[in-house]
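Student: I would like to learn how to read a protein structure feature by feature. Could we go through one together?

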Amino acid sequence: MSSAYELGRRRLLRTFGLTAAASTAAMASADPVLGATFGHDQAVGFRPEGYTPPTGLAKDSPAKAAALAWITENAREVTDLGDRIWSHAELSLREWNSSLAAADLLAKHGFSIRWGAGGFPAAFVATSGSGGPALGFNAEYDALPGLSQRAGASAHDPLVYNYDAYGPTYGPGHGDAHNALGAGSIGAAIAVSEAVRAAGLKATVKVFGSTGEEQLVGKPFMVKAGVFDGLDAYLDWHPFGANLAFWNTTSALASATFTFLGAAGHGATPLGNKSGLDGALLLASMSEYLREKNVATSGRFHYALINGGGAPNVTPDMASIWFFVREGSPARVQQLCGKIVECAKAAAQASQTRLVHKFHAGTWNSLGNKAGAELVYDNMVKIGPPVFTDADQAFAKAVQRALGKPETGIATTIVPLAPPPPVFGGGVSTDSADVSWHVPTLTTLAATFPAGLPNHNWAVTAAAATNIGHQGMLAATRYLAATAIDLITSPELLEGIKAEFRQRTAGVTWQSMVPDGTQPPMYQPPAEFLAKTGQQWPPKGITWPVPPVVAAEQLGSVGPELPPVT
């Protein structure tokens, strides 16, 4: 084993509290989830040094040719869907128009639609075909708050600007390009279903319209409800600044809010007032002191104040702070969450407020699949990277210049497939991770925005409804469709992927991070949406209206009453 890789492995083990001499078995014993994600390759004798991806996995076939031809001939229909979702820019769990647009296109091409998947009004399962391998495609369509941006604008120029004399805001926007994600996956699923019919093949093609991914809500509840049961493989992709396949992991995550309830009063006569904002700010400050000694390099937590008062002369009797907590496995997330909860209790005590702690959702870290990544990568190489125009590159460089990044333009190559790095430094999460522990999951990334820029930025929104976003999305559509056809026409490839999945998950008992009885975050749909989708409100098992959180605290005392001065 190379010295560089061994050094990285030792750092990884120390990060997770194991000695540098620990074995893969020790890691698996200490945390089976880590063993499945980080330790599996070593356990089966895989050597990362000098790794070269296998070739010849991606096969030419009439069915694959038909699927790719369908994408080329119907590219406009797919990109139009992406642009419609982009224009709606609907926030998580409220994607009424976006989900309808997605489902309408699938229905037009012969898919049956079942709404309300997992109890979420804006989630659906679309199905075409029967028998054969059951393949699932992930479709998401939610936008992010504050990331509105004009399409094709190379400087920050919000499409929706909400004026307020004291605190202006921007509207929502597709700063993670989920408009492209949803449309690209749907295009791939339709292409596969058309090719299967034309070639007389047997396969069941499913599209999972998933709500609330940006809040990591939809799929954890959908998985727990059994929505993804019965699949042989699950195909996913995400917009990115490069083109690559991988079998690395992501961070597990928990989402929770902490609401502090006090007693309002005049800001100019504050004695005896109890400020919910004080509690929230104390929690923010106290949690920062955890970072040096209680948060490993694989850990993250970040937060946002949701409501902190309306005016300086009113002591707010309610304030909420929303935390995302990330780590390398569910067990490690729970450890870090527990420390933040203790900080919240202390903040409530110090601010003389009442704490209401609400867990919203949690998702595991994702489980990679080396055999699946190799098949995806071989198809990517055969198909090639997305092609961009000189105007696309000029726009990309202008955006990079505006954000102070090197003016390298858009990625025009496919990153060579490489083993996961030996050191897990933490990072992003996806609610598809819970799916990956139930069915082999194959994932690709495709360039839909300029290289070197972060997701969740206005630049992503700017590119997502331009030719850059279109070409990256169509490349991902081709990668997913070609891979899916191989899974149908080469059953030995699918069986190898499933065998690796069984090996990785042996000894791991999946348990949802969502406690039994937890009600997910929920919003009431418009009556017109319910009528179009044939749903009733509220969904089964949902308490509506949600019981209000109301401050009923007494004002504080500053001491015994003193006699008047005469």
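Student: Which residues touch the most other members of the largest nonpolar core?

Tutor: Before that, please note that this is a predicted model, in which local features need pLDDT of at least 70 and side-chain atom pairs count only at pLDDT 80 or more, while totals for chains, interfaces and linings use all residues. Residues are numbered from 1 along each chain as its sequence is written, and side-chain values use heavy atoms, with hydrogens and water left out.

Tutor: A nonpolar core is a set of buried Ala, Val, Leu, Ile, Met, Phe, Trp, Tyr and Cys residues joined through side-chain atoms within 4.5 Å, where buried means under 20% relative accessible area, exposed means over 50%, and partly exposed lies in between (1.4 Å probe, protein chains only). Here the largest core has 89 residues, and F124, F137, I186, V192, V207 and L487 touch the most other members. Its largest share, twelve residues, comes from helix α16 (residues 467-489); helices (H or I, at least four residues) and strands (E, at least two) are DSSP runs, numbered from the N terminus. A second, separate core of 23 residues includes F221, M522, W537 and I542.

Student: With which residues is L487 in contact, leaving aside its neighbours within four places in sequence?

Tutor: Contact means heavy atoms within 4.5 Å. By that rule L487 is in contact with P133, L135, A233, L235, L375, L442, L494 and I497, once the neighbours within four places are left aside.

Student: What does P386 touch, if residues up to four places away in sequence are not counted?

Tutor: P386, which is found in the loop between α12 and α13 (390-402), touches N243, A447, Q471, G472, A475 and Y479 on that count. P386 counts as buried because its relative accessibility is 6%. Between P386 and M473 there are 87 residues in sequence but 8.6 Å in space, C-alpha to C-alpha.

Student: How far does helix α7 reach from its first C-alpha to its last?

Tutor: The expected span of a helix is 1.5 Å times one less than its number of residues. Helix α7 (residues 178-199) has 22 residues and reaches 31 Å, close to the 32 Å expected. The helix is mostly covered, with 18 of its 22 residues buried, and just after α7, G200 takes a positive phi of about 70°.

Student: How many salt bridges does the structure hold?

Tutor: A salt bridge is a side-chain nitrogen of Lys or Arg within 4 Å of a carboxyl oxygen of Asp or Glu, and the structure holds 21 of them. In one of these, D516 pairs with K224, the closest N and O atoms being 2.8 Å apart. This pair links distant parts of the chain, 292 residues apart, with D516 in the loop between α17 (491-505) and α18 (527-533) and K224 in helix α8 (residues 218-224). D516 counts as exposed because its relative accessibility is 71%, whereas K224 is partly exposed, at 33%.

Student: Where do E374 and K370 lie, and are they buried or exposed?

Tutor: An α-helix has 3.6 residues a turn, so residues three or four places apart point the same way. E374 and K370 both lie in helix α12 (residues 370-383), four residues apart, or about one turn of the helix. Their side chains meet in a salt bridge (3.0 Å, N to O), and both residues are buried.
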